[in-house]
Structures are given as structure tokens and as C-alpha cells.
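Let's take a walk through this model, one neighbourhood at a time. Have the viewer open and follow along.

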Amino acid sequence: MALVLNEEQRFLQDSAREFLAANAPVESLRTLRDDRDALGYCPETWQKMAELGWASIILPEEYGGLDFGFTGLGVVMEEAGRTLTASPLFASAVVGASALLLGGSEQQKTDLLPRIAAGELTLALALEESQHHRPTHITTTAQANGDSFVINGRKTFVIDGHSADHLLVVARSSGESRSPQGLSLFLVPREAPGVSVQRTIMADSRNAANITLEGVEVNAGALVGTLENGWEVLEPVLDRGRVALAAEMMGLALEAFERTVEYLKEREQFGVLIGSFQALQHRAAHMQAQLELCRSVVLQALSTVDDAPEQLPLLASLAKAKLNKLVKLVTNEAVQMHGGIGVTDEFEIGFFLKRARVAMQIFGDTGFHKDRYATLCGY
Amino acid sequence: MTAPIRRDVLQDLEQFRSEARQWLEANCPESQRQPMTAADQYYGGRNAEYPSADAQLWFERVRDKGWICPEWPTEYGGGGLSAEHAKIIKEEMKAIRARTPLYSLGIWMLGPALLEFGNESQKQQHIPAIINGEIRWCQGYSEPGSGSDLASLQCKAEDQGDHFLVNGSKIWTTGADKSDWIFCLVRTDPDAKNQEGISFLLVDMDDPGISTTPIALISGESEFCQTFFDNVKVPKENLIGELNQGWSVAKALLVHERKLMSELGSESPREILVPSVAARQYLELDDGKVVDAQLRSDLVDYDMEMHAIGLTHFRTFEEKLAGVRSAAPLVMKYVGTEAEKTKSELLLAILGSQGLGWEGEGFNRAELDTLRLWAMSKAMTIAGGTSEIQLNVIAKNILQLPQS
Ligand SMILES: Cc1cc2nc3c(=O)[nH]c(=O)nc-3n(C[C@H](O)[C@H](O)[C@H](O)COP(=O)(O)OP(=O)(O)OC[C@H]3O[C@@H](n4cnc5c(N)ncnc54)[C@H](O)[C@@H]3O)c2cc1C
Ligand SMILES: Cc1cc2nc3c(=O)[nH]c(=O)nc-3n(C[C@H](O)[C@H](O)[C@H](O)COP(=O)(O)OP(=O)(O)OC[C@H]3O[C@@H](n4cnc5c(N)ncnc54)[C@H](O)[C@@H]3O)c2cc1C
């Protein structure tokens with residue numbers, strides 16, 4: 001039964017909620033932001049998360065993983081969405097680890113996955129080259145040079161790009177500039193000569209970077225997957241990322257919604273609780289309906305990763321588009337229904353609003369996924 | 001990582017699925033796998049005529065197989081199967097696009113309530129007749145002055161010793177002029193507070209004093225009626241549940257009605273709209289892509305919504321099996337019927353001016369039907385509790401927002 005959590009997963013949910021409330025509430029993100037923290041996340045908390053097994057949740061046991069599957073990961077992502085917890089979980093333990101799992105050589109897997117699982121090593125995917133998610137529009141080049149490759153190009157919106165130990169760089173070794181053919185993936189140490197990283201301060205106070213690669217030389221062992229067939233790895237990796245992100249957005253939406261409903265039961269105007277106004281009730285009820293639909297979509301998408309990967313593209317686009325729309329609706333309404341206090345920085349609801357907008361852009365906005373879904377359906 | 005289902009149970013279900021598939025393949029006539037319109041629906045009843053010989057054959061085969069109501073107890077003529085088995089039958093019928101052999105308010109609404117609240121002799125009398133399609137039922141709830149505010153209903157039943165004397169009228173009674181019996185909400189205690197003085201009564205429409213007047217709808221059909229009760233004598237044994245406790249029966253029944261309505265649109269939209277040649281031939285495509293960007297965007301929104309609704313139906317089913325309670329069932333009537341309206345608007349948009357023909361030459365049957373269905377779809381968010389009432393219920397029961 002893919003659409004109901006089993007006992008183990010519910011247990012994980014409870015312990016994740018407890019842990020995050022105690023160790024990484026929204027307040028922690030505010031502190032990281034206000035202190036202009038150089039790393040952008042709390043390494044002690046990340047270490048504890050890794051000890052709980054979260055960094056290895058999707059990894060097979062042979063690589064030190066928990067092998068708990070994507071539904072298990074989704075539970076943790078959702079809880080981290082409720083607390084807006086900044087950590088390398090998404091970029092490294094989901095996206096990076098998936099790339100190695102799906103495309104890595106045995107050598108790469110045995111070298112790197114156990115360290116990712118332990119939270120010692122982090123990865124970041126250096127993909128985007130423009131302000132919109134266009135995963136095949138790659139002009140960064142990788143030129144063969146004897147046994148090695150030389151990479152040149154610029155990347156933007158690289159999640160955790162300023163803090164990750166290794167970058168997973170998508171580069172073109174042949175093919176037209178917008179074609180999925182001819183793409184290759186390379187592991188590049190962030191400190192490698194020729195890599196310059198500029199951290200970008202985003203609305204959500206989480207971590208991203210612009211990265212320039214100038215004559216960066218890597219050897220053939222850095223190639224993840226086969227040369228020019230990077231898309232075969234990249235596409236399912238992106239889909240896994242989209243699904244995990246959808247789970248995070250589910251948690252974000254639930255938290256923002258629940259806080260708002262609580263507020264409607266506390267705030268009095270005109271001598272009554274504002275939650276008694278039908279103008280607000282119907283909007284809240286409509287959101288509840290959408291939350292229910294999205295809950296099913298997310299659960300199905302998560303289980304599709306493990307149980308029916310051939311359907312993953314459709315489900316991932318469904319999940320990302322639906323959740324994009326959900327978080328937009330819910331965060332806008334959450335602010336509106338809080339009245340004046342909703343637009344203050346002191347009040348946490350604004351953090352949800354801002355994270356929602358960044359999450360909506362990562363790995364494809366609503367338009368991108370609607371187009372992909374229609375195309376997959378044949379129209 | 002799925003909840004443990006025992007392997008032998010799974011094997012049994014798979015075995016059942018393949019048997020069901022074979023049986024349906026062998027027994028469902030080809031004509032009963034084609035898209036249908038209202039004229040093809042078989043409702044049963046005393047005066048029923050089968051829409052076609054194949055429809056009769058198909059109905060009788062399913063009835064004899066015990067699959068009209070697969071989940072109902074065998075002692076009343078049901079199939080006695082589990083929810084999982086019943087779901088398999090439903091899925092396999094859907095897979096070959098088999099028509100529903102018997103349309104029946106008795107199956108969808110009254111039966112489940114009778115099984116829950118009826119006494120033994122009431123079940124014996126009514127359930128087999130529902131399953132066998134012998135009696136056609138209609139629903140007498142709404143009144144001219146009581147729609148959303150159903151509990152304010154005035155149609156009264158006075159205790160006359162061995163019988164009730166019923167006076168008043170019901171409105172929007174779907175199929176009243178073609179039905180044999182009506183299940184009604186009537187006021188039995190005029191002094192009690194609204195919901196507390198209401199009883200649930202079954203009335204034979206052949207009884208003297210009952211009359212019906214059809215009402216024409218915007219779709220051109222007259223599917224429903226105003227139903228008048230003029231000194232109708234109803235035997236006491238036709239009371240379901242306790243006197244003045246009819247509201248709880250009605251509430252239970254409403255759950256079934258809303259569930260049904262939420263499933264109306266649960267066919268995959270991609271089956272109806274896009275790959276269906278019928279709709280596709282009207283779409284302007286370029287390189288396989290819908291040219292009209294707005295239409296394409298609306299189509300995806302709708303497809304995604306339906307995809308999500310379909311998954312949520314699955315989820316509620318799995319939750320039921322797992323004994324998990326969630327808010328999902330309470331939102332389904334709202335989202336399902338709103339989507340149904342959206343679908344009709346999309347079909348009109350796709351057909352353009354060819355979708356606007358009312359009757360006569362120049363339009364084929366599918367085009368004419370599309371428009372009539374579009375008109376009918378407007379009723380979906382009204383019947384069975386309007387969308388606004390659904391939102392009120394969600395706000396109150398799920399969100400527990402303060403009531404004014
Ligand atoms: C940027 C900014 C500048 C401002 N500048 C000033 C200023 O210079 N001077 C000043 O005096 N004030 C100022 N205000 C205050 C502003 O007028 C109030 O925020 C506004 O009147 C709403 O009141 P509230 O914040 O208490 O929200 P509430 O009244 O508590 O409203 C909360 C939510 O309930 C809804 N609601 C309330 N009553 C009803 C109802 N009867 N039916 C349906 N929904 C209802 C509201 O629409 C809102 O969504 C400012 C506010 C902002 C955001
Ligand atoms: C196709 C169809 C078939 C039907 N079949 C049957 C049948 O077989 N048997 C039967 O008994 N009835 C039947 N009905 C009747 C149906 O149950 C009622 O139409 C429905 O309950 C609404 O009542 P009403 O028409 O009196 O509208 P009203 O209750 O007068 O509503 C008018 C408008 O006001 C809104 N409104 C009302 N109360 C509130 C509120 N508290 N908050 C916000 N908005 C509100 C409504 O949402 C609606 O938009 C059928 C209706 C249709 C359309």
C-alpha cells in the first residue's frame with residue numbers, strides 16, 4: 001500500500017518531527033540568516049541528522065545506507081519542510097547520492113557513498129545556466145584532452161554550491177546547445193583550480209551559488225555515467241530531486257496552513273474570532289481540499305521512484321507542478337489571513353512565503369512541468 | 001516498504017483478478033463496452049424497459065453472477081465479497097469500459113443505509129428487490145423551502161395509530177415519475193428542534209395521494225419532478241430507524257451519495273479527452289502539440305487535477321483497508337464535481353461552434369450530447385449538497401473553525 005504510511009514510516013515521522021522541532025526550528029534559519037553564517041547551515045545539526053541515518057536513507061546497505069526507500073525519505077523531507085531546515089539533505093543526500101547510485105562507477109560508489117551516508121562529504125549539482133530550469137540548454141563544455149577533460153562554463157542557482165565538497169557538473173561534450181544528447185556529468189572538487197564560487201543570498205536564506213569553471217581539468221575517473229549519455233542519468237536524478245522537493249513543499253504547505261488555521265481561531269475582530277467569517281472559511285476549506293489531493297500525489301510519486309521508475313517522469317512532473325501551485329496558494333493566503341502581522345519579518349510566516357518561491361523554481365517551475373506532463377501525455 | 005499484506009492473500013486476489021477478467025471478457029457483449037448516453041442507462045423497476053436486448057443480457061448475466069452488489073451480504077442476494085474483491089471487479093469492468101449494468105439509487109444510496117439501520121424484515125423486503133432491479137427508488141429530501149437547509153423541511157407525517165398520514169411536497173426528485181418507491185425525510189415532531197423531529201420513511205409511489213410533475217431542465221431533459229403528498233397513508237413498518245431519528249439515517253446515506261458523485265468524473269481524463277479520437281479530431285495540433293496555448297494549459301491543469309483526484313480515491317480506499325482515518329473523503333464531492341464541470345467546459349472549448357448545436361441537422365450525436373452533458377454538469381455542484389455547503393462542512397468538521 002503505497003498511499004498509507006506503514007508503522008516504521010510513521011515512527012520515522014514522529015522522531016523526525018521531534019528532532020527537528022528541538023534542533024532546527026524556523027528560528028534557527030533566522031539565526032543563520034541574521035548572523036550571515038558562512039556555511040548557511042548548522043554542521044552540528046547536520047552531523048546529528050546523519051547519525052539518525054537521514055543522509056543515507058535512500059542508499060543500499062552495502063554503501064552504509066539505511067535502504068529505507070523514497071517514501072521514508074519523503075517523510076523526513078516533509079518534516080524538514082515544516083521547519084524550513086537548511087541542510088545538505090536535498091543537494092547531497094538526495095540529488096548527489098542519486099547521481100552516483102544511478103550513474104556512478106563501482107569505484108565512485110564505494111569511495112563516495114559511505115562518506116555521503118555519514119554526512120562527511122557533500123555534493124552539489126551544477127546544472128543551470130539561465131534564470132529558468134532548462135536542463136538540456138547546456139553550453140558549458142567538456143573537451144577531451146588525452147586522458148582528461150577540460151571544463152569551461154558558468155553555472156547559476158547551484159544549490160549548496162558554496163559549501164559542497166564536490167560539484168557534479170553538467171557539461172556538453174558534443175551535440176547541439178539545447179539537445180539532451182552529448183551531455184556528460186563530471187565530479188569536480190569545489191576547490192579545484194579554475195573553479196570560482198560566488199555565494200548568492202537568496203530570498204529563502206538558504207544556500208546557492210554562481211559558479212565559474214575556467215579551464216578546469218579533471219581525469220577520466222571524474223566522469224559519472226558514460227560520456228555523452230549524461231542525460232540518461234541526469235533526467236531520473238532530476239525527477240528524484242523533484243519528488244523529494246515536492247515532499248518538502250508538502251510539509252511547508254501543511255505547516256503554513258496549520259499555523260494560519262490556528263490564527264483564525266485566536267484572532268478576534270468585530271467581537272468574534274475571524275475564523276467564523278465565511279469569506280475566510282471557504283478559502284481555508286478549498287486549501288484543505290488541495291492539500292488532500294497533493295498528499296496523495298506526493299505519496300504516489302515517492303513510491304513510484306522505488307516501485308515503478310518507468311512512470312517516474314509523469315509522476316514527478318505532476319508532483320512538482322501540483323506542489324508548486326499548492327505552496328503558492330497556501331503561502332499567499334497564509335500571509336493575507338494574518339493581516340498586518342503577516343507581512344512583518346518578526347513573524348515566521350514570511351519565511352514560508354520566501355522558501356516557497358525558491359522551491360518553486362528549483363528543478364522546474366509550474367510552466368515547465370505542465371509542458372512536460374502534456375508532452376508525456378501526447379498533446 | 002509497503003504495509004505487509006500476506007503473500008497468499010495477494011495470490012488469491014491476483015487469481016480472482018484473472019478469473020474476473022476472463023469472465024467479463026466472455027460475458028460482456030461488445031455493444032455494452034461502448035460509450036453510452038442517458039438513453040442507454042437501465043434503471044430497472046416495475047415498468048422498466050431494457051434499452052436493448054444486449055443491455056438485458058448483460059444485466060442478467062451480472063445479476064446471476066452476484067456482481068450487481070458484490071460487497072453486500074449473500075443472505076439478501078449480494079455477492080458476499082470483500083472490499084478488495086469488489087474493487088477488482090470495478091477495475092476490471094472499467095478496463096474493458098463495460099457499462100454499468102444497473103443504475104440505481106437503491107444501490108448507491110438506500111441500500112447501504114438499510115443494511116445499517118433497517119430491521120430484518122425491511123432488509124428482506126427491500127434489498128433483494130434493489131439488487132434484482134425489480135424496484136426503482138427515488139430520493140425525497142429537498143422541498144421548495146428547504147434545499148441546503150434540509151433540516152428545515154416541512155413535509156409532515158402524522159401518527160394515526162397504525163399508519164402515518166403524509167402531507168406536503170418534495171422537489172428536485174430525480175426520476176420520481178419513473179420510480180416505484182421513494183425514501184423520504186418527513187417531519188414527525190413539529191415542536192422539536194429542526195433536526196430532531198425528522199423521520200426516515202419509505203413510501204410506495206402507487207399509494208393513493210401521490211402525484212408527480214416533471215420539471216424541464218436547462219439540458220432539455222426533465223429528469224426531476226415535484227412530488228406531492230396528499231393524505232398519503234404509510235404503514236408504520238415503513239419507518240427506518242427510530243421515530244424522530246431520521247436525520248442520522250439521512251446523514252449516513254448522504255456519505256454514500258457524495259462518495260458516488262465524487263467518483264463520477266474519476267475516469268482518466270486522458271481517456272476521455274485526449275487520446276479519444278472523438279475529442280482529438282477537433283483539436284488543432286502541430287507536431288502532436290495542441291496549438292492553442294490557453295487550451296493546452298487548461299487541459300493540463302484539468303488532467304493533473306483528475307490524476308490527483310484518482311490517486312486520492314485510491315488513497316481513501318487504502319486508508320479504509322488499513323483502518324486509517326483522514327480528511328480526504330470529506331473533500332472528494334467538492335473536488336470531483338468541480339472537476340466534472342471543468343471537463344464539460346473543456347469539451348465545449350475543444351468542439352468550438354460544433355459543440356453548441358442544440359438539435360437537428362449539422363451536428364453529430366456526440367456533439368449534441370456534449371452540449372447536453374455540459375448543461376447537466378452544472379447540476380453536479382448543486383445536487384447532493386452544493387459546493388458551498390461542502391466547504392462549510394470542511395471548515396466545520398475538519399478545520400473546526402468557529403461557527404458564527
Ligand atoms: C504595510 C502596512 C502599512 C500600514 N500602515 C498603517 C498606518 O500607517 N496607519 C495605521 O493606522 N495602520 C496601518 N496599517 C494597518 C492596516 O490598516 C491593517 O493591517 C489592516 O486594517 C488589517 O488589520 P489587521 O492587520 O489587524 O488584520 P485583521 O483585521 O486581524 O485581519 C486578519 C484577516 O482577517 C480578515 N478579516 C477581518 N475581518 C473580516 C471580516 N469581517 N470578514 C472577512 N474577513 C475578515 C482580513 O481580511 C485578514 O485577512 C498598515 C498595514 C500594513 C500591512
Ligand atoms: C440534478 C439534481 C438532482 C437532484 N436530485 C434530487 C433528488 O433526487 N432528491 C432530492 O431530494 N433532492 C434532489 N436535488 C436537490 C438538491 O439536493 C438541492 O438542489 C440542493 O440541496 C440545494 O438546494 P437548493 O436548490 O434549494 O438551493 P439553496 O439551498 O437555495 O442554495 C442556493 C445557493 O445558496 C448557497 N447557500 C445555501 N446555503 C448556504 C450556506 N449556508 N453557506 C453558503 N452558501 C449557501 C448554495 O450553495 C447555492 O449556491 C437535486 C438537485 C439537482 C441539481
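Buried here means under 20% relative accessible area, exposed means over 50%, and partly exposed is in between, using a 1.4 Å probe and protein chains only. Before we start, note that this is a predicted model, in which local features need pLDDT of at least 70, side-chain atom pairs count only at pLDDT 80 or more, and totals for chains, interfaces and linings use all residues. Residues are numbered from 1 along each chain as its sequence is written, chains are lettered from A and ligands numbered from 1 in the order in which they are written, and side-chain values use heavy atoms, with hydrogens and water left out.

Start at His338(A), which counts as buried because its relative accessibility is 4%. You'll find His338(A) in the loop between α9 (312-337) and α10 (349-361) of chain A; helices (H or I, at least four residues) and strands (E, at least two) are DSSP runs, numbered from the N terminus. The side chain of His338(A) comes to 2.7 Å from the backbone oxygen of Ala334(A). If you skip neighbours within four places in sequence, His338(A) is in contact (heavy atoms within 4.5 Å) with Arg259(A), Thr260(A), Tyr263(A), Phe347(A) and Ile349(A).

Now for ligand 1. Among the residues around it are Gln336(A), Met337(A), Gly339(A) and Gly340(A), where being around a molecule takes a heavy atom within 4 Å of it. By class, this shell holds six nonpolar, four polar and one charged residues. For the classes, Ala, Val, Leu, Ile, Met, Phe, Trp, Tyr, Cys and Pro count as nonpolar, Asp, Glu, Lys and Arg as charged, and the others, Gly among them, as polar. Oxygen atoms of ligand 1 lie 2.7 Å from a backbone N or O atom of Gln336(A), and 2.6 Å from one of Gly340(A). Ligand 1 taken alone exposes 970 Å², and the protein buries 41% of that; these areas come from the Shrake-Rupley method with a 1.4 Å probe.

What about ligand 2? Its site is shared between chains, because residues from chains A and B surround it. There are 21 residues in this shell, and the closest are Ser148(B), Trp172(B), Thr174(B), Thr386(B) and Glu388(B). On the chain A side, a polar side-chain atom of Gln278(A) sits 2.9 Å from a nitrogen atom of ligand 2. On the chain B side, a polar backbone atom of Gln139(B) is 2.7 Å from a nitrogen atom of the ligand, and a backbone N or O atom of Ser142(B) is 2.7 Å from an oxygen atom of ligand 2. The protein covers 67% of the 970 Å² of accessible area that ligand 2 has on its own. Two or more residues of the shell come from each of β1 (137-140), β3 (163-174) and α12 (387-398) of chain B, with β3(B) giving the largest share, four residues.

Finally, some backbone angles. Most residues other than glycine have a negative phi. Arg36(A), though, has a positive phi near 50°; this residue lies in the loop between α2 (26-34) and α3 (43-51) of chain A, and is exposed, with a relative accessible area of 70%. Asn244(B) also takes a positive phi, about 65°, but counts as buried at 18% relative accessibility.

Key
Polar contact = N/O pair within 3.5 Å; in protein donor to acceptor, adjacent residues only side chain to side chain.
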